[in-house]
Amino acid sequence: MCNIAGYAGDLPAAPILLEMLRRQENYDGGMSVGVATIHEGKLYCKKVVGDVDNFLKNVDLSDLPGTIGIIQGRSRCGDYGGDHNWAHPFINPKGNMAYAANGIMSSKF
C-alpha cells in the first residue's frame, strides 16, 4: 500500500507533509519515505528507507524548502535492499518534475 499526500499553501510544505504521512502510517506504511518540494522554481527531493521517524533522523528539513510538495510512503515491495532510490517520488532525468504513484516506476519519462 502506498500513502500519498500533497500540499500547496503558505506554510513550509515538508513538515506538514511529514505529519500527514505520520498519521497514515498507523494504518499502513513505514518501508520508505520520499518528499519533493518546489522553491523558487527549483525541485528538491529527499528519500529514505524506513518510516517518518527515520526520515527525520536522516534529513534536515531545511534541505526541503518551499510551500508546495508531495510525499509518498510505501509499505510493500520488499525492503529495496536498503536502496532509497526505489522510494517515491521519482524525479525525471532533467530534475524538473517529480511524481508519486500507487505502484512502481515502469518507464522513463
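Colleague: Hi! How many salt bridges does the count come to?
Modeller: Hi! The count comes to three, and the model is a predicted one.

Colleague: Which residues are linked in the network of salt bridges?
Modeller: E19, R22, R23 and D53 are joined in a network.

Colleague: Let's start with R23, then. How far apart are the closest N and O atoms of R23 and E19?
Modeller: They are 3.0 Å apart in that salt bridge. Both residues sit in helix α1, four residues apart, which is about one turn of the helix.

Colleague: And is R23 buried or exposed?
Modeller: R23 counts as exposed, because its relative accessibility is 58% and the cut-off for exposed is over 50%.

Colleague: What about R22 and E19, how far apart are their closest N and O atoms?
Modeller: For that salt bridge the distance is 3.8 Å. R22 and E19 are three residues apart in helix α1 (residues 13-25), so about one helical turn separates them. R22 is partly exposed at 28% relative accessible area, and E19 is partly exposed too, at 33%.

Colleague: Changing topic: what distance separates the closest N and O atoms of R22 and D53?
Modeller: That salt bridge has them 2.7 Å apart. The pair links distant parts of the chain, with R22 in helix α1 and D53 in helix α2 (residues 52-58), 31 residues apart.

Colleague: Nice. What is the relative accessible area of D53?
Modeller: D53 has 38%, so D53 is partly exposed.

Colleague: And why can side chains like these pair at all?
Modeller: Side chains of opposite charge can pair when their charged atoms come close.

Methods. Residues are numbered from 1 along each chain as its sequence is written. This is a predicted model: local features need pLDDT of at least 70, side-chain atom pairs count only at pLDDT 80 or more; totals for chains, interfaces and linings use all residues. Side-chain values use heavy atoms; hydrogens and water are left out. A salt bridge is a side-chain nitrogen of Lys or Arg within 4 Å of a carboxyl oxygen of Asp or Glu. Helices (H or I, at least four residues) and strands (E, at least two) are DSSP runs, numbered from the N terminus. Buried means under 20% relative accessible area, exposed over 50%, partly exposed in between (1.4 Å probe, protein chains only).
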